[in-house]
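The sequence and structure come next.

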Amino acid sequence: MTDTPFRTPAWLRRDALGVLDFHRERSLDTHFGGYTAQVSDRDGAVYDQRTKHLVPTARFVFGFSVGKLLDGPVWCEPAAEHGLAYLRNVAYDEERGGYGWQFEGRDVVDATRATYGHAFVLLAYATAARADVGDVEHLVAETADLLDERFFEPDHGAYASNRTAAWDPVEPSYRGQNANMHACEALLAAYEAVGGERYLERATTVAETIARDRADAADGLLWEHFTEDWAVDWEYNRDQKADLFRPWGYQPGHLLEWSKLLVQLDEHDDADWYVDRAERFFEAAVEDGWDDERGGFYYTFDREGSPIVEDKYTWALEEGLGAAARLGAATGDDDYWEWFDTIHAYLDEYATNHSLGIRYERLTPEGEPHPTIDETPKVKSGYHHVNSCYEALKALDAV
């Protein structure tokens with residue numbers, strides 16, 4: 001394997017810790033607690049301090065815990081603990097259980113119990129436990145129990161959609177793959193952090209349902225939307241193809257995330273389908289999702305492999321790095337490392353704000369910072385950026 005600057009452990013550590021340092025200076029909120037995710041990609045200015053969201057809170061805990069795992073500066077641990085306190089003392093509902101979705105300062109303004117959000121809470125606690133940040137091992141078990149008791153559908157082997165604060169279904173006829181993908185990610189993190197076969201068993205069940213069985217029913221790839229009995233819903237959001245969270249079409253970024261997770265599963269379970277499926281998903285992402293003329297991954301493509309939304313979301317590129325590194329290490333095929341270099345070169349040239357050391361969240365099809373990057377939902381936390389470095393370091397056996 002030919003070394004490039006992007007593949008060296010020292011470079012990857014510096015890159016990840018640089019992102020965390022940027023957010024340590026701007027996102028740790030000592031007034032309301034938790035973190036401020038509304039930081040401009042253009043100039044680093046905070047444009048909304050009060051609004052808090054469950055997902056970036058959990059993602060920041062993940063990121064700063066990873067910082068400690070990478071032997072980062074001493075501030076990584078207290079920065080992660082800062083978010084753990086907000087999760088438990090503000091976001092968690094002591095009376096009814098579960099975590100709210102959105103807050104103004106320390107007041108709950110949206111108490112929806114989101115499957116997606118609870119998956120990230122589990123990821124936060126599991127990563128903190130692995131980094132020995134705080135006393136959280138019991139919270140790993142508690143959150144996994146909560147996901148199982150309130151969201152899991154054993155007859156289907158996957159997690160249902162959101163609930164109200166009273167735990168009634170919000171969308172009784174909708175099921176989605178995205179929350180399940182992140183639940184699988186969190187369960188694997190829990191297994192690697194604290195052990196416990198139940199976490200691995202649940203992760204494999206979700207993977208079998210979403211990445212194997214439901215994918216087989218959806219032209220062999222990952223469709224995003226399903227009915228309440230987990231039949232493929234080809235029509236959901238067909239008229240809202242650019243929806244930020246639930247677009248119509250195949251998403252290269254999610255194909256790549258699952259590629260990464262399936263290789264990770266293969267390290268722990270002896271099923272023989274994981275790497276083959278990971279390679280299939282990766283091939284589809286780069287074959288139909290990569291813009292050969294301008295570079296970058298399209299947001300979505302259709303069932304014929306044609307692009308739908310041609311904007312380039314940086315998170316998908318970051319997930320491509322993790323998938324390429326994991327597959328390169330698992331298969332010994334240097335083509336994956338070549339893709340790692342190609343994706344990283346695009347990120348470096350178009351998607352990186354070099355004056356700040358962070359990524360632009362979204363680009364136009366031509367690779368310019370998108371006009372709406374500081375208007376999109378407030379979930380900026382550097383999660384995908386830090387995680388791509390962490391995944392590459394694990395693939396290089398450097399963590």
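**Helix H6**

Helix H6 (residues 177-194) has 18 residues, which at 1.5 Å a residue should span 26 Å, and its end C-alpha atoms are 26 Å apart, so the two agree. The expected span is 1.5 Å times one less than the number of residues. Helices (H or I, at least four residues) and strands (E, at least two) are DSSP runs, numbered from the N terminus. This is a predicted model, in which local features need pLDDT of at least 70 and side-chain atom pairs count only at pLDDT 80 or more, while totals for chains, interfaces and linings use all residues. Residues are numbered from 1 along each chain as its sequence is written, and side-chain values use heavy atoms, with hydrogens and water left out.

- H6 is mostly covered, with 15 of its 18 residues buried; buried means under 20% relative accessible area, exposed over 50%, and partly exposed in between (1.4 Å probe, protein chains only).
- After H6 comes Gly-195, which has a positive phi near 75 degrees.

**Nonpolar core**

- The largest nonpolar core has 130 residues; such a core is a set of buried Ala, Val, Leu, Ile, Met, Phe, Trp, Tyr and Cys residues joined through side-chain atoms within 4.5 Å.
- Helix H4 (residues 115-130) gives the most to this core, with 11 residues.
- Among the residues with the most contacts inside the core are Leu-87, Trp-258, Leu-262 and Phe-281.
- Beyond its neighbours within four places in sequence, Leu-262 is in contact (heavy atoms within 4.5 Å) with residues including Ala-207, Ala-211, Trp-273 and Phe-281.

- The axes of helix H7 (residues 197-216) and helix H8 (residues 252-266) come within 11 Å and cross at roughly 135 degrees, which makes H7 oblique to H8.
- The H7 side of this contact includes Leu-200, Ala-203, Ala-207 and Ala-211, and the H8 side is made by Trp-258, Leu-262 and Leu-265.
- The axes of H8 and helix H9 (residues 274-288) come within 8 Å and cross at roughly 160 degrees, so H8 and H9 are roughly antiparallel to each other.
- Residues in the contact between H8 and H9 include Leu-255, Ser-259 and Leu-262 of H8 and Tyr-274, Ala-278 and Phe-281 of H9.
- Axes are lines fitted to C-alpha atoms, for helices over the stretch in contact, and angles run from 0 to 180 degrees between N-to-C directions.
- Angles under 35 degrees count as roughly parallel, over 145 as roughly antiparallel, 65 to 115 as roughly perpendicular and the rest as oblique.

**Positive phi outside glycine**

- Asp-71 is a residue other than glycine with a positive phi, near 60 degrees; Asp-71 sits in the loop between helix H2 (54-69) and helix H3 (76-91) and counts as exposed at 67% relative accessibility.
- Trp-230 is not a glycine either, yet has a positive phi of about 65 degrees; Trp-230 is in the loop between strand S9 (225-226) and H8 and counts as buried at 3% relative accessibility.

- His-31, in the loop between helix H1 (9-26) and strand S1 (38-39), is exposed, with a relative accessible area of 60%.
- His-31 and His-225 are 194 residues apart along the chain, and their C-alpha atoms are separated by 39 Å.
- Tyr-390 lies in helix H12 (residues 383-395) and is buried, with a relative accessible area of 4%.
- Tyr-390 and Ala-189 are 201 residues apart in sequence and 13 Å apart in space, C-alpha to C-alpha.
- Leaving aside neighbours within four places in sequence, Tyr-390 is in contact with residues including Phe-62, Leu-69, Arg-130 and Val-399.
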